[in-house]
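Please look over the model shown below before reading on.

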Amino acid sequence: MREHRFLNCKILITILLFINTTIVKSQNNSALSYFLGTYRTPDVVLNWQLVSGSTCNGIQVYRSIDSLTFYQIGEIPGLCGNITSPQSYSFIDIDPIENKTNYYRIELGGLGYSEIVGLEIINIDGNGNLVRPNPASTTASIFYRNPFRDLHSLLLFDFSGKIIFVSESDSNSFSIETTSLAAGAYLFQIFSDTKQMVTQGKLFVE
């Protein structure tokens, strides 16, 4: 296993407030056994394996935030792969674009591109939550700090103080369908299973 780090990236100053691991697998290029993207806060780790008998001249790593326009973020130079055995590689992106879906692909010199993998990178702010999108027109996701996957409750209020939506989750996010809500601002509160409020904020519906 060879590990390469792209060192010319700024050091992340913002501390991510919850632990999240997401794995996305892609397989398209016949020279690849697999191409995996893993979000291990705060880094993205890419792993892939060249099948036995496949060789290439250098590997370039690319990233995009729209899945259309890609920029090179790293390179593994020289001969890659092996005639007689599979060869595995990894690359760590220490500076993914926060609060966006990051798309990755690799170019195998002489063997073409891999499939694209996408990973959503979430960074919760100092208020302890992140609402995406906000304002929302159809669905909103409310992300919050829940590193140990404890059960939490979400209460959504209109501005008269009436509870209009209640949900429970042991993940790090809640999903709210907003199509039945009138346009305007709403207050939400998230409570732990001990009834302690852990965060609150506003959801805007358009």
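Which backbone oxygen does the side chain of Asn 129 reach at 3.1 Å? The backbone oxygen of Gln 200 is the one reached by the Asn 129 side chain at that distance.

**Basis of the model**

This is a predicted model, in which local features need pLDDT of at least 70 and side-chain atom pairs count only at pLDDT 80 or more, while totals for chains, interfaces and linings use all residues. Residues are numbered from 1 along each chain as its sequence is written, and side-chain values use heavy atoms, with hydrogens and water left out. The pLDDT, which is the predictor's confidence in each residue on a scale from 0 to 100, averages 87 over the chain, and 86% of the residues score at least 70. Over residues 1-21, however, the pLDDT is below 50, and this stretch has 60 contacts in the model beyond near neighbours in sequence (contact means heavy atoms within 4.5 Å).

Asn 129 is found in strand E11, residues 129-132; strands here are DSSP runs of E with at least two residues, and they are numbered from the N terminus. Asn 129 counts as buried because its relative accessibility is 7%, where buried means under 20% relative accessible area, exposed over 50% and partly exposed in between, computed with a 1.4 Å probe on protein chains only. Leaving aside residues up to four places away in sequence, Asn 129 touches several others, among them Ile 124, Phe 143, Tyr 144 and Phe 188.

**The sheet that contains E11**

E11 belongs to an open sheet of three strands in the order E11-E12-E15, with antiparallel pairing; two strands pair if DSSP finds at least two bridges between them. E11 and strand E15 (173-177) stand at the edges, each with a single partner strand, so one side of each is left without a neighbour in the sheet. Within this sheet, E12 and E15 run antiparallel and are joined by five bridges, and Ile 142 stands opposite Phe 174 in E15.

**The hairpin of E5 and E6**

Strand E5 (residues 55-64) pairs with strand E6 (residues 71-81) over eight bridges in the antiparallel sense, and Gln 60 stands opposite Glu 75 in E6. Six residues lie between the strands of this hairpin, where Ser 67 takes its positive phi.

Most residues other than glycine have a negative phi, and most peptide bonds are trans. The table collects the exceptions discussed here.

| Site | Backbone angle |
|---|---|
| Arg 132 to Pro 133, cis | omega near -15° |
| Asn 134 to Pro 135, cis | omega about 15° |
| Ser 67 | phi near 70° |
| Lys 195 | phi about 70° |

Pro 133 lies in the loop between E11 and strand E12 (139-144), and Pro 135 is likewise found in the loop between E11 and E12. Ser 67 counts as partly exposed because its relative accessibility is 28%. Lys 195 is placed in the loop between strand E16 (184-192) and strand E17 (197-205), and Lys 195 counts as exposed at 65% relative accessibility.

Methods:
Helices (H or I, at least four residues) and strands (E, at least two) are DSSP runs, numbered from the N terminus. A polar contact is a pair of N or O atoms within 3.5 Å; within protein, one must be able to donate a hydrogen and the other to accept it, and residues adjacent in sequence count only if both atoms are side-chain atoms.
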